[in-house]
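I opened the notebook to go through this chain from its domains down to single residues. The model comes first, then my entries.

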Amino acid sequence: MRSRPRLLLVGCGLMGKRHIGGLAEVRRSRLRDARLVGVVDKYAARAGEAAREVERLLGERPRIFNSVDEAVEGIEFEAADICTEPASHHTVAEPLLEGGIDCLIEKPLSMTVRGCRSIIEASMRGGTLLAVAENYRRDPVNRLAKWVIKNGELGSWMAAAQIVAGGGDAVLISPWRHKLTGGILIDLCCHYTDIYNYFFGTPETVSASSALLRKVRYVREMSGEALMKTPVEVEAEDYLDATYHYREGRVASLLVNLAATGEGLWRRLIYLENGSIEVPMERTGEPLKLSRPLDQDYLATMPHTAFLGQRMGEPYKVSPEDAEEIYDRETRVLFPELLNGYKMDFWEADRKLIALELIDFFRCIEDGDTPETGGWEGMLSVGMVAAALESSYTGRMVGLEDVLELRVEGYQARINRAMDLTSDI
Ligand SMILES: NC(=O)c1ccc[n+]([C@@H]2O[C@H](COP(=O)([O-])OP(=O)(O)OC[C@H]3O[C@@H](n4cnc5c(N)ncnc54)[C@H](O)[C@@H]3O)[C@@H](O)[C@H]2O)c1
């Protein structure tokens, strides 16, 4: 395989543009490289903007297309980076995968397990590489958390909690995320379930309840001095309370309330036999904190604090020797002098995480390797959220395998129909 794959970018919205920044980071890192030879968007203006950005950052103007078909006719390329809305991933990716083009697809791989399976099957038919762009687990803080869990210094893990509350009555990033085929819970929570898969492996069952709390949301914009509030009707749930059950009685909970107004909340905590790990939010650069209570801490608790923990966490000390073991070479090149935490703004960190997933994709194209997050991992993260929604829909505990094997898909049926995904797989 050639050493600088020719790449087509499909979808030049929010994430497509961020991937261009990621490609520029890849180039700067000198770890790998690609030539972005074409950009595609249904909206010509967006594709044009993206092409200008590519020229500015990468020094070469790509060809502009309004559809993938036009690009296939017009240029030669061996890889595609798909950043369209998730409901279109299968229709965009499958002909490419079947036609010999390796694809990196933004998470969620699809909006349903059936959709994910359909894409995986297309890559198998085409004998092509399928990678899923999952940036959260690549944040150094999640690499470090996984290492601490694995090295066993706090004993084995017993429970975990991911809590997110916020959003209010705003349209969250874009209206499609509130429509049936764009479901914000799948779109957002597949990141968190991927993190659970990365840390703990695959759960066996899930019990959950979901709700649609806000039936109308608003896009707020300033028009001169005047505030414009445009209502958007909501179809997809915005509240999920899920408990994932693992072997030996371990549990990981996910509580997401995207209709919360006022004070927000974001916590990721892992409870192990002898202490806890607090993982900060991705792209903040905040350090990982550990709490390892001593007997004296237990003795010092008061009746009203006994349930509130024994000791606050403190930043975990990472030596330069440990850092070499914890972080792969690519991460250490992109985050120089990395120990625990880093200092850079959101956009720089975002570009570097995207660069890491692109580097992994290019490495697999060039070396014939398996990506860290391929079709299976992409389907698993979607399947875990889908299983939670199926559990809420049926009012009972659901087995993850039943959802992955399409034995349970009552909740997803409407989404499948809307995405034209009704045939047998
Ligand atoms: N990893 C992250 O942190 C992160 C953040 C945001 C979005 N995403 C993911 O990126 C993907 C895109 O999200 P977004 O926020 O950029 O959406 P967006 O709506 O901003 O952009 C999508 C673009 O794709 C174009 N498009 C759709 N179908 C097309 C087709 N068939 N052919 C050509 N162009 C087409 C649209 O015109 C639009 O410009 C989603 O899968 C989303 O979940 C990931």
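**Ground rules.** I am working on a predicted model, where local features need pLDDT of at least 70 and side-chain atom pairs count only at pLDDT 80 or more, while totals for chains, interfaces and linings use all residues. I number residues from 1 along each chain as its sequence is written, and side-chain values use heavy atoms, with hydrogens and water left out.

**Domains.** I looked up the division of the chain. Domain 1 covers 6-136 + 359-373, and domain 2 covers 137-342. These bounds come from an automatic or database domain assignment. I find their centres, taken over C-alpha atoms, 28 Å apart.

**Interface size.** I checked contacts next, meaning heavy atoms within 4.5 Å. Domain 1 contributes 19 residues and domain 2 contributes 24. The area buried between the two domains is about 2000 Å². Buried area here is the accessible area (1.4 Å probe) that two parts lose on being put together, summed over both. Carbon and sulfur atoms give 59% of the buried area. Which three residues supply more than any other three of the area that domain 1 buries against domain 2? They are Met111, Tyr136 and Glu372, with 38%.

I count 5 salt bridges between domain 1 and domain 2. The rule asks for a side-chain nitrogen of Lys or Arg within 4 Å of a carboxyl oxygen of Asp or Glu. Lys107 makes a salt bridge with Asp187, and their closest N and O atoms are 3.4 Å apart.

**Who lines the domain 1 side.** I looked for elements giving two or more residues to the side that touches domain 2, and found helix 1 (14-29) and helix 11 (346-367). Helices (H or I, at least four residues) and strands (E, at least two) are DSSP runs, numbered from the N terminus. Helix 1 gives the most, with 4 residues.

I traced an open sheet of 9 strands with mixed pairing, in the order 16-15-14-13-7-12-11-8-17. Strands pair if DSSP finds at least two bridges between them. The edges are strand 16 (314-315) and strand 17 (398-399), each pairing on one side only.

I then followed strand 14 (residues 275-278). On one side, strand 13 (residues 265-272) runs antiparallel to strand 14, with 4 bridges. These two strands form a hairpin with 2 residues between them. Tyr271 stands opposite Ser276 of strand 14. Strand 15 (residues 289-291) also pairs with strand 14 in the antiparallel sense, over 3 bridges. Ser276 has Ser291 as its bridge partner in strand 15. Glu278 faces Lys289 of strand 15.

**Backbone.** Which residues does a cis peptide bond join? I find Lys107 and Pro108, with omega about -20°. Pro108 sits in the loop between strand 5 (102-106) and helix 5 (113-126). Lys107 is also the salt-bridge partner of Asp187 noted above.

My last stop was Glu248. Glu248 is not a glycine, yet has a positive phi of about 60°. I place Glu248 in the loop between strand 11 (239-245) and strand 12 (251-260).
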